[in-house]
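Dear colleague,

I am passing a structure on to you, together with some notes on what turned up in it. Please look through it once before reading the rest.

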Amino acid sequence: MTFYQQLQLSSIGSKQWIQNADDPKEKRKRILIYNFKVYLVVAFCFAFVSIYSMLFGSENSVVGVVVLLAVMILRQVDFGIDKVHSIGIIFMIFAILAIGPRAANMVAPVPAFCIHFVCIMALMILSCHNVIMSNQSTFILGYLLLFGYDVSGKAYIMRLISLLVGAIICSAVFYKNHKNRSFKRGFSYLFKEFHLFSTRSNWYIRLALGISTAVLIGSLFHMPRTMWIGIASMSVLLPFSKDMMYRVKRRGPFNILGCIIFLILYHLLPSKIFTWIGLIGGIGVGYSAGYAWQTVFNTFGALYIAAGLFGLKTALILRIVANVFGSLYSFAFDHVFRMISSAIQKVMENRQVMGDQV
């Protein structure tokens, strides 16, 4: 495996590659490359978001995060349709990111629920042709981040420009990496393949409705940072029950662990070092191959920002409540939704049978 190929490996892939080394010298070499990759990725992410912040304002640094996540996923995965149509989808996705979160913040919780549901469903249909690739997670996460870090006035104009630039960057990266792939299917197939009771389409609805209702409940109780509830819900509402149960059992407990570690570091680290806690969390995520520890390190940056807005104690409580509630609610919602969906499907099938007999 070449040096470049090793840099392309995931954390799991890198650790397996290291374990497979027979020679101690070769193992040390692979460990060195793995460490280099982690810090290279963190440095690139930091530089990318910093540049975005300088160009479009600190209020829109979150757009840099969203664009960066999109670039990283679009380097490797496609939409399963013609590449020209795919580029059109990228611009549609960014249009949803530009309009949906702002519109949801301008209305009451119930209309906002409707906006969330429509936007998330659209993101699912446009981006999630292959469930295994998990494209939708990146774009729904981006949607929720933009909803949580809302702006208005001149800052919103800059946000629109920054998202347009992001769409252009993502399209260029996508075309470069996928220009040699050919698909016979076009844009319309994404909608032709939508069937209400198919496993995939049913999951689309379950995920969109689960996230939207979770955020609605948080909004009705006037809870700050309802995007955290939405992200927790998105994280655990997976298409397969076994995978969902795995995450439900870890989302709350490891967020609590992340809060405890954050609190310890808050009291131990000098303030000059603690300001880099988000970067420390990013390095931790880079070294984490599993969902549990990624969840722990993802708390750092989010808590640092929230602590500046609400105070440390309130931020910790909000983080824990949002993630525990989001994961447990989504688990219960998934169970109820599946029961109702199965019952409706059986009724419709029985009616069809009776109709055929007549």
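On a 1 Å grid over the protein atoms alone, a cavity is a set of points where a 1.4 Å probe fits but cannot get out, while a pocket is an open set with protein on both sides within 12 Å along at least five of seven lines, and lining residues have an atom within 4 Å of a point. Grid points are joined across faces, edges and corners, and a volume is the space filled by probe spheres set on the points. The model is a predicted one, in which local features need pLDDT of at least 70 and side-chain atom pairs count only at pLDDT 80 or more, whereas totals for chains, interfaces and linings use all residues. Residues are numbered from 1 along each chain as its sequence is written, and side-chain values use heavy atoms, with hydrogens and water left out.

Searching the whole structure gives four cavities of 30 Å³ or more. The largest cavity holds about 60 Å³ of space, and its lining consists of Ile-125, His-129, Leu-190, Glu-193, Phe-194, Arg-200, Ser-201 and Tyr-204. Helix H10 contributes the most to this lining, with three residues (helices are DSSP runs of H or I, at least four residues, numbered from the N terminus).

H10 (residues 199-220) also packs with helix H11 (residues 226-236): their axes come within 8 Å and cross at roughly 155°, where axes are lines fitted to C-alpha atoms over the stretch in contact and angles run from 0 to 180 degrees between N-to-C directions. That crossing makes H10 roughly antiparallel to H11, a term for angles over 145 degrees. Where the two helices meet (contact means heavy atoms within 4.5 Å), H10 brings residues including Leu-207, Ile-211 and Ser-219, and H11 brings residues including Thr-226 and Met-234.

With best wishes

Note on methods:
Parallel < 35°, antiparallel > 145°, perpendicular 65-115°, else oblique.
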